[in-house]
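Visitor: Please show me how to read the contact between two chains. I would like the general idea, then the case at hand.

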Amino acid sequence: MPRYGFAIASLLLVITYLPLFYIESRAQAGYDEIYSRALAIARLLRDMGSRGIDVSRLSENLSGVFALLDTCGSSDLECLVKASSTLDSIEAEAGRLREASGFQITISRLSLAIRIAILSSIPIIFYIYFPRLYSWWWFRSRRNWVVRSYRHGRG
Amino acid sequence: MVIDDEVFAVLLAMVIIASVIGIALSMPRSSEPFTAIGLLDRECRIGSYPKNIPVNQSIELCVFISNNLGEPALLQARFKVSYNGSIPTNSTPLDIPEAVNVTVFLPDGGNTTRVFSITITRPGYNIVIAGELWVMDFDKGSWAYTGRHVFIRVNASTILS
């Protein structure tokens, strides 16, 4: 009887702790998966920011996710769920931002090119038109002048 | 010619210089990239750092992290407790496990402050609480030490009841 009692007790212990071990390993796997996702999204935002897209708001949200992951650890399932849902919203927002910003980036590059073209052409325009403009103004300002002719020194 | 040649040449030179300056100011410039880490007190201000702290009782400090790398970056401040008084250098981090990690993702030019708690588990004198700044190298997929670090020295003692 004691032999069977020991076997039954051992079996009960295994049955009790096996689900906990399973939950712990699943939670750790969940933590690793969420951390990897966060890193991938960080890389995406880095690439978007490098191209000139304003990712400051999304950066703040992503920092919040990393703060959660730093503090809550792998066993806090509620924390992991919150982190995961925040990552979902960041990913969706990043996708929308990327689509909307393509046109804005083109416009900003075009405006920069136009600005440089205008600044480059100012010296050329000045060289060609300033003498003409100045001459026009010079003659216009003296159009009421009377030319007095002198004949051999007499007025 | 109505306008004097020399006067016109001077005016043209001034216009060319102004145009070149305007183009130079319009061009997007990238300054020298850098990151920064600072250690502040619990109210995120300079000064009022703890000097004598009890063992096994957490103390609150604040870390300031700044990103000026020219692009958004994932930065991590790793706080380590060195009981033998050793400190990190600009090229070598401390070879001990970190007690606290503070991870932030900052846009270019962004900075943040975060309050964190750290606990000294053994009594001693001139114990170093060091913060090292690491940056995620996405191409290699691993953290890289930036060389930026801060530290304070504290004394820890057990509370005698």
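Guide: Take salt bridges between the chains: a salt bridge is a side-chain nitrogen of Lys or Arg within 4 Å of a carboxyl oxygen of Asp or Glu. In this predicted model, local features need pLDDT of at least 70 and side-chain atom pairs count only at pLDDT 80 or more, while totals for chains, interfaces and linings use all residues. Residues are numbered from 1 along each chain as its sequence is written, chains are lettered from A and ligands numbered from 1 in the order in which they are written, and side-chain values use heavy atoms, with hydrogens and water left out.

Visitor: How many salt bridges are there between chain A and chain B?

Guide: There are 2 between chain A and chain B. In one salt bridge, the side chains of Arg46(A) and Glu71(B) meet at 3.8 Å, N to O. Over all chains, the whole structure has 10 salt bridges. Arg37(A) and Asp88(A) also form a salt bridge, at 2.7 Å from N to O. Arg37(A) lies in helix H1 of chain A and Asp88(A) in helix H3 of chain A, so this pair ties together parts 51 residues apart in sequence. Helices here are DSSP runs (H or I, at least four residues), numbered from the N terminus.

Visitor: How is the size of an interface given?

Guide: It is often given as the accessible area lost when the parts come together. The buried area is taken with a 1.4 Å probe and summed over both parts. Chain A and chain B bury about 2500 Å² between them, with 73% of it on carbon and sulfur atoms. Arg46(A), Leu119(A) and Phe126(A) supply 21% of the area that chain A buries against chain B, more than any other three residues. Counting contact as heavy atoms within 4.5 Å, chain A gives 31 residues and chain B gives 29 residues.

Visitor: How are two packed helices described?

Guide: By the angle between their axes and the distance between the axes. Axes are lines fitted to C-alpha atoms, for helices over the stretch in contact, and angles run from 0 to 180 degrees between N-to-C directions. Helix H3 (residues 77–141) of chain A and helix H1 (residues 5–26) of chain B have axes that come within 9 Å and cross at roughly 175 degrees. H3(A) and H1(B) are therefore roughly antiparallel, a label for angles over 145 degrees.

Visitor: Which residues of H3(A) and H1(B) meet?

Guide: Among them are Leu119(A), Phe126(A) and Phe130(A) in H3(A), and Phe8(B), Leu12(B) and Ile16(B) in H1(B).

Terms used
Helices (H or I, at least four residues) and strands (E, at least two) are DSSP runs, numbered from the N terminus. Angles under 35 degrees count as roughly parallel, over 145 as roughly antiparallel, 65 to 115 as roughly perpendicular and the rest as oblique. Buried area is the accessible area (1.4 Å probe) that two parts lose on being put together, summed over both.
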